[in-house]
Amino acid sequence: MDRTKILLGENELPRQWYNVLADLPFPPAPYLHPVTFEPITPQDLAPLFPQELIKQEVSQDRFVDIPDELLDIYSLWRPTPLYRARRWERALGTPARIYYKWEGVSPPGSHKPNTAVAQAYYNKKEGINRLSTETGAGQWGSALAFACNIFNMECKVYMVNVSYRQKPYRRILMETWGATVVPSPSKDTNYGRALLAENPDASGSLGIAISEAVEDAAQRDDTKYSLGSVLNHVLMHQTVVGLEAKRQLEMAGDYPDVLVGCVGGGSNFGGFFLPFVPDKLSGKAESLRIVCVEPEACPTLTGGLYAFDWGDTAKTGPIARMHTLGHGFVPPPIHAGGLRYHGMAPIICALYDRGLVEAIALAQTKVFEAAVSFARAEGFVVAPETAHAVKAVMDEALSCKESGEAKVIAFNSSGHGHFDLGAYESFLSNELEDYRYPTEQIRASLEELPRIDQ
Ligand SMILES: *Cc1c(COP(=O)(O)O)cnc(C)c1O
């Protein structure tokens, strides 16, 4: 009988992260200073990040050791299982072999603690006792709250106002782990107060919440800032996912034809597929397809511009060259599927620009339809973000059914959806609407990019 679950022992946890920067023949452009537009220096970043993470951000070492103390924490939920979706394959009637890596087993329920615990660890080691951050739906905030609690650090979370009001359970989870959570825009920063003066009911955005968290860290000596996606070091921490998955696929006797993942800032899918990139670059797996899936409501790769832009709305954080919808982008409140950041990891953008990875944008009703099909076959109710990957895999599997090809499709199942049942309820009661972000609005938002020669 084919195996359903491919497991690694605790002693098989990867002991090093993989750093793709060592292998990329086309490095991403350097970050620029938000005001001078000059390449950013380690001193510029020092108020925001500890030295070790600044070092990791630009490291050219192919592998970076994972400290023993972190391995011990990882072992609480890692290695995570790789499943063969046999029941879903049967339900779809596909000859394809579908595998999914299940990151929903961590205490906060997603891949995010893989980097949250690493970031808290390096900050703590350099004497920092308080971290500030932003969160949208609450996944990242809860991962960092969990991590800060382990290291006995304070955690201040600026939570996008619309989610703060609509999603109380993630906030309660953060508070259970001891974090302080405020709706963003908040009264706690100059930027937040200025926005509230203009509009007391502002729904907020990730870009605004990042600006508040950056201001918080920049103004206090005891505090640094923590970002849950996008940056090189974040993607590197997440490679534990792909390193494990690669071994588990080997144990199953398969090598993937297609890798699929959802992309918001690019960390879960980057962590999953980056360890396969050397195979593609060296020609060992030239035909391997890597498919990034994003929502039509926030089409960063498929609808944005590859340009220098600020990472946050107040233009106080570093500028990166990335696919962007503009730092002023505010996603539509009716969009239930997450993945709302205006930019994208520079590493993923560079790969996309060179045609090494593909991208597609999907409508949310089809995405939830696929998630329900998956839940009814496999049992797991995935996060709305993850559901984007599920829908793309379903389409691949159904086209295999038509062509008769037995492709190996593997995706990163980045988290569970137990706190997102409101979105499932909207779908099940036919209240979910599709929303494609209007091209004119994207164009207007892109007018505001910094004037830098590209
Ligand atoms: C945050 C999140 C994502 C999107 O973030 P990336 O950095 O693009 O991975 C995807 N899935 C889940 C479950 C998340 O919590």
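Me: A polar contact is a pair of N or O atoms within 3.5 Å. How far is an oxygen atom of the ligand from an N or O atom in the side chain of Lys112?
Reply: This is a predicted model, where local features need pLDDT of at least 70, side-chain atom pairs count only at pLDDT 80 or more, and totals for chains, interfaces and linings use all residues. Residues are numbered from 1 along each chain as its sequence is written, and side-chain values use heavy atoms, leaving out hydrogens and water. Lys112 is among the residues that come nearest to the ligand. The separation between its side-chain N or O atom and the ligand oxygen is 2.6 Å.

Me: How much of the ligand's accessible area does the protein cover?
Reply: On its own, the ligand has 380 Å² of accessible area (Shrake-Rupley, 1.4 Å probe).

Me: Over which ring does the charged end of Lys315 sit?
Reply: A charge counts as over a ring with NZ of Lys or CZ of Arg within 6 Å of the ring centre and within 35 degrees of the ring normal. Lys246 does this with Phe276, at 5.5 Å from the ring centre. For Lys315 the distance is 5.0 Å, and the ring belongs to Trp310.

Key
A residue is near a molecule or strand if one of its heavy atoms lies within 4 Å of it. A polar contact is a pair of N or O atoms within 3.5 Å; within protein, one must be able to donate a hydrogen and the other to accept it, and residues adjacent in sequence count only if both atoms are side-chain atoms.
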